Amino acid sequence: MTAPDAAAPLTSRARTVAVLVLFMATFMDLLDTTIVNVALPSIQTDLEASSAQLEWIVSGYVLAFAVVLITTGRLGDLYGRKRVFLIGVAGFTVASAAAGLAPSADVLVVSRLVQGLFAATMVPQVLSIIQVLYAPRERAAVLGAFGAVTGTAAVAGPLLGGILTTYDVLGLEWRSIFVINIPVGIVLLVAGAILIPESHARERVRLDLPGAALISVALFLAVFALIEGRPEGWPAWIWAMLAVSIVLLVVFVLVQRRLEASGGEPLVPPTLFRDRGFSAGMVTAFAFFGSIGAYFFVIVIYLQVGLGFTPIGAAVTTLPFSLGAFLASGASVPLVAKLGKGLVFVGLVAFASAVAWTGQTVAHHGDALGKADLIGPMLLGGAGLAFAAIPLLDVALANIDVRYAGAASGVFGTFQQIGAALLLAVVGVVFFETAGTVFSPAGLRDALLASLWVPGLSLGVAALASLLLPSVAAVRHHKDLAEALELAEAEATTT
């Protein structure tokens, strides 16, 4: 973990305003992750987008985010976190404008890829800058507010997307979900340039560019093959791409091991995976976070295309999920220290149960499914999400040397995003293969019921992996060591 340089002292008010700018950027990123789902059927109709292009619009963003996340975090340490943050905001704003003006589905897909790249450029800088602005003893309240921002974004994303698309705000239809980022981005650029102090890492940071290139190409080939394989009829070249992606992943692991053995700084340090608890945490994060996007992708398409719900109707139907997560977040905080991985397991089982409940409800009501029928499973799924997500990072890193906490956090975030991209590609294969080329309510219902097995089984794997996470005692010990190290670094910085 690299220690931040001390920034120029700021008044309490100046720090608060600077943090609000950072929170707004985080909110904008999270909003763009969730806001697009309810607009997908409208995009499909307007741009005549294929099912594969719809998958790319969602998965392209998270895939691009995943493959550069660790590298861009280190770029901030090296070249200045404020500078890299502002570059990320500028690029994200331009990409949003391109998405809002996209004349075709292909242009929209490319714009979403670029959005994801620049989102990954600005987001890692947020927590790093907060660490510079606030001493360890002051961060609890700030990080609590940060959690509230993420929860609010989860609630606001689908709802805002439904409102903008359904009521055709400014006559832009679905395009308004991207255009809304332009004025926000401009405000962030100006405010960030004035209010956020610059900071670097005290220790020299090295970039593992070969590792970043290998993992990026390998993941792109895998996701491309999964998304494009079905419409292309699974030709030999698709299978060849999957084979090459596996070979590149093996080469990536070998390169990372060699780099670490020679004293270098690998993108994903293999040493971290020698700890069983950390490895279990990565499996849990991959399967758990991947299931969220897969679940909502097929639900929203079924509600709008299969049952004729409006975008706002689909958003209202899924809103209880966000409310359940928001309410359970407060209840889970005092339970983390007492239950640890037990809370993660309970959350994953609750979410898996909600997926099964969703399938049973859809099968029972058929075409008569109404907005109120999914309140129960949505609330349960949201609560399960909060119970599992809030403690997972701390529990997964409990056995990791606090000096490597920064690298481990970056790997955790990368696995989380990669899981989202790959599982969305897999659920798309199952859903559209079952639905066929001519959509009908019955066919889409069968497709939904078949594809719900993807997030359901994924959550089952995550729940089993969570049983191998570190104990509650290990989590407490790790937290005490981390706080002691941060205090020592803060004292060294001020002397």
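**Close-up views of a helical chain**

**View 1. The largest nonpolar core and the residues with the most contacts inside it.** The largest nonpolar core of this predicted model has 134 residues, and those with the most contacts inside it are Phe 85, Leu 108, Phe 288, Tyr 295 and Phe 297. Helix α11, which spans residues 276–306, gives the most to this core, contributing 17 residues. Apart from this core lies another one, of six residues, among them Ala 328, Leu 343, Ala 386 and Phe 387. As background for the whole chain, the secondary structure comes to 18 helices and zero strands, and 55% of the 495 residues count as buried. Among contacts between residues at least 6 apart in sequence, 84% join residues at least 24 apart.

**View 2. The surroundings of Tyr 295.** When the neighbours within four places in sequence are left aside, Tyr 295 is in contact with Phe 321, Phe 351, Ala 354, Val 355, Thr 358, Met 378, Leu 452 and Pro 455. Tyr 295 is also among the residues with the most contacts inside the largest nonpolar core.

**View 3. Helix α11 beside helix α13.** The axes of α11 and of helix α13, the latter formed by residues 341–365, come within 12 Å of each other and cross at roughly 20°. Because angles under 35 degrees count as roughly parallel, this crossing makes α11 roughly parallel to α13. The crossing in which α11 passes α13 is left-handed. On the side of α11, the contact is made by Thr 284, Phe 288, Ser 291, Ile 292, Tyr 295, Ile 299 and Tyr 302, while α13 brings Val 344, Leu 348, Phe 351, Ala 354, Val 355, Thr 358 and Val 362. Sorted by kind, the residues of this contact of α11 with α13 comprise 11 nonpolar, three polar and no charged.

**View 4. Helix α3 beside helix α5.** Here the axes of α3 (residues 51–79) and α5 (residues 105–133) come within 6 Å and cross at roughly 30°, and the two helices are therefore roughly parallel to each other. The crossing of α3 and α5 is right-handed, and the residues of their contact divide into 17 nonpolar, nine polar and two charged.

**View 5. Thr 414 in helix α15.** Thr 414 is found in helix α15, which runs over residues 405–435. With a relative accessible area of 9%, Thr 414 is buried, because buried means under 20%. Once the neighbours within four places in sequence are left aside, the residues in contact with Thr 414 are Ala 66, Leu 69 and Ile 70.

**View 6. Thr 16 of helix α1 and Val 142.** Thr 16 has its place in helix α1, made up of residues 12–34, and at 40% relative accessibility Thr 16 counts as partly exposed. Although Thr 16 and Val 142 are 126 residues apart along the chain, their C-alpha atoms are separated by 9.3 Å.

**View 7. Phe 326 of helix α12 and Ala 386.** Phe 326 has its place in helix α12, which covers residues 311–339, and at 42% relative accessibility Phe 326 counts as partly exposed. A distance of 7.5 Å separates the C-alpha atoms of Phe 326 and Ala 386, residues that are 60 apart along the chain. Ala 386 is also one of the residues of the core of six that lies apart from the largest one.

Terms used:
Residues numbered from 1 in each chain as written. Predicted model: local features only at pLDDT ≥ 70, side-chain atom pairs only at ≥ 80, totals over all residues. Heavy atoms only, no water. Core = buried A, V, L, I, M, F, W, Y, C linked by side-chain atoms within 4.5 Å. Buried < 20%, exposed > 50% of the residue type's maximum accessible area, 1.4 Å probe, protein only. Helix = DSSP H or I, 4+ residues; strand = E, 2+ residues; numbered from the N terminus. Contact = heavy atoms within 4.5 Å. Axes fitted to C-alpha atoms, helices over the stretch in contact; angles between N-to-C directions. Parallel < 35°, antiparallel > 145°, perpendicular 65-115°, else oblique. Left-handed = near helix turned anticlockwise from the far one by under 90°. Nonpolar A, V, L, I, M, F, W, Y, C, P; charged D, E, K, R; others polar.
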